[in-house]
Amino acid sequence: MSLTGRTVWWWVRLRRPCLTAAPRGPAVWLPTGLAACQRFYSSRDKEKIDMSAYPVESIRNFSIIAHVDHGKSTLADRLLEITGTIAKTDRNKQVLDKLQVERERGITVKAQSASLFYNYKGVNYLLNLIDTPGHVDFNYEVSRSLSACQGVLLVVDANEGIQAQTVANFYLAFEAQLAIIPVINKIDLKNADPERVEKQIEKLFDIPVNECIRISAKQGTNIDKVLEKVIEKIPPPQCNTTDPLKALVFDSTFDHYRGVVANIAVFGGEIQKGHRIVSAHTNKRYEVNEVGILTPNEQPTHKLNYLV
């Protein structure tokens with residue numbers, strides 16, 4: 001079943017209001033449970049991004065999926081560099097992988113998201129990506145991430161070809177009715193055979209050969225073509241800011257000083273600091289203390305509506 005709505009990659013921090021405190025804003029609806037925040041954290045010293053400059057037609061939400069070690073995180077690094085989200089240096093390796101075990105073993109364990117700003121044909125776009133794990137043990141991270149997307153980049157190693165999780169992740173995206181962009185990575189390897197891999201993709205997934213993009217994430221070859229394809233093929237989310245707030249929590253983290261930081265996908269309405277929201281699962285009310293996007297560090301905004 002496809003999910004429609006305003007999908008947005010962003011974070012929101014909540015805390016339980018005191019019983020004697022007066023409401024700071026209108027009550028809105030959030031369809032999932034969240035833990036309470038313990039301490040207040042101010043972002044007044046940070047410059048806030050004006051999200052009104054990015055209408056829903058200029059937003060794309062997508063995940064990167066693949067078998068383990070096919071180059072998802074390296075591709076994510078290059079996408080961050082080419083969009084100017086991070087500086088281009090030789091130290092940019094697994095930028096989105098933040099766990100120690102991910103750094104040590106070179107694999108992605110937990111899905112990570114980031115918002116990219118990119119100008120294409122004179123139009124500014126907001127591209128929200130999620131880098132997902134490739135190991136079968138973390139398959140739930142993939143399925144949860146896809147619920148907040150309208151499309152995926154299906155990365156395949158030009159040397160290894162299609163493998164088990166390539167097939168499993170493809171059908172997760174296919175069943176969710178997401179736009180699928182095949183990307184053949186590691187074409188710089190000596191034994192790379194992109195022609196063979198293209199035929200595999202066409203035979204197994206019924207995707208025409210001419211829709212495959214050949215890249216080398218390590219060397220940065222054809223990365224700009226990937227961004228162009230994301231903008232052209234993946235549809236923007238469907239949403240209406242006049243509707244009551246409706247959002248999906250697809251990930252969350254806990255900070256010992258700040259409390260819960262929830263990554264949410266907005267499917268209707270908007271949310272801003274001071275709003276009081278209701279969990280559809282627990283029927284408990286929470287106060288929104290801070291909202292923003294990930295670039296990939298937390299960047300506060302005045303309100304969230306069109307983005308994830």
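What share of the 308 residues in the chain is buried? Buried residues make up 52% of them, where buried means under 20% relative accessible area, exposed means over 50%, and partly exposed lies in between, with a 1.4 Å probe and protein chains only.

Good morning. The structure above is a predicted model, in which local features need pLDDT of at least 70, side-chain atom pairs count only at pLDDT 80 or more, and totals for chains, interfaces and linings use all residues. Residues are numbered from 1 along each chain as its sequence is written, and side-chain values use heavy atoms, with hydrogens and water left out.

I shall begin with the chain as a whole. The chain holds six helices and 15 strands; helices (H or I, at least four residues) and strands (E, at least two) are DSSP runs, numbered from the N terminus. The accessible surface of the chain comes to about 14400 Å², by the Shrake-Rupley method with a 1.4 Å probe. Carbon and sulfur atoms account for 48% of that surface. Turning to contacts, which means heavy atoms within 4.5 Å, we take those between residues at least 6 apart in sequence: 74% of them join residues at least 24 apart.

Next come the helix pairs. Two packed helices are described by the angle between their axes and the distance between the axes. The axes are lines fitted to C-alpha atoms, for helices over the stretch in contact, and angles run from 0 to 180 degrees between N-to-C directions.

How are helix α1 and helix α6 placed? The axes of α1 (residues 72-82) and α6 (residues 223-233) come within 10 Å and cross at roughly 85°. That makes α1 roughly perpendicular to α6; angles of 65 to 115 degrees count as roughly perpendicular, under 35 as roughly parallel, over 145 as roughly antiparallel, and the rest as oblique. On the α1 side, Leu75, Arg78, Leu79 and Ile82 meet Ile223, Asp224, Val226 and Leu227 of α6. By class, this contact of α1 with α6 has six nonpolar, no polar and two charged residues. Here Ala, Val, Leu, Ile, Met, Phe, Trp, Tyr, Cys and Pro count as nonpolar, Asp, Glu, Lys and Arg as charged, and the others, Gly among them, as polar.

The second pair is α3 (residues 139-146) and α4 (residues 164-175), which pack at an angle of about 30° with their axes 10 Å apart. At that angle, α3 is roughly parallel to α4. From α3, the residues in contact are Asn139, Val142, Ser143 and Leu146, and from α4 they are Gln165, Asn169, Leu172 and Ala173. By class, the contact of α3 with α4 has four nonpolar, four polar and no charged residues.

Finally, I turn to single residues. Most residues other than glycine have a negative phi. Gln177, in the loop between α4 and β7 (179-185), has a positive phi near 60°. Gln177 counts as exposed because its relative accessibility is 59%. Lys186, in the loop between β7 and α5 (194-205), also is not a glycine and has a positive phi of about 65°.

Is Ser58 buried or exposed? Ser58 is buried, since its relative accessible area is 8%. This residue sits in the loop between β2 (27-30) and β3 (59-66). Leaving aside residues up to four places away in sequence, Ser58 touches Val123, Asn124, Tyr125 and Leu126.

Val278, in strand β12 (residues 276-279), is buried as well, with a relative accessible area of 13%. Thank you for your attention.
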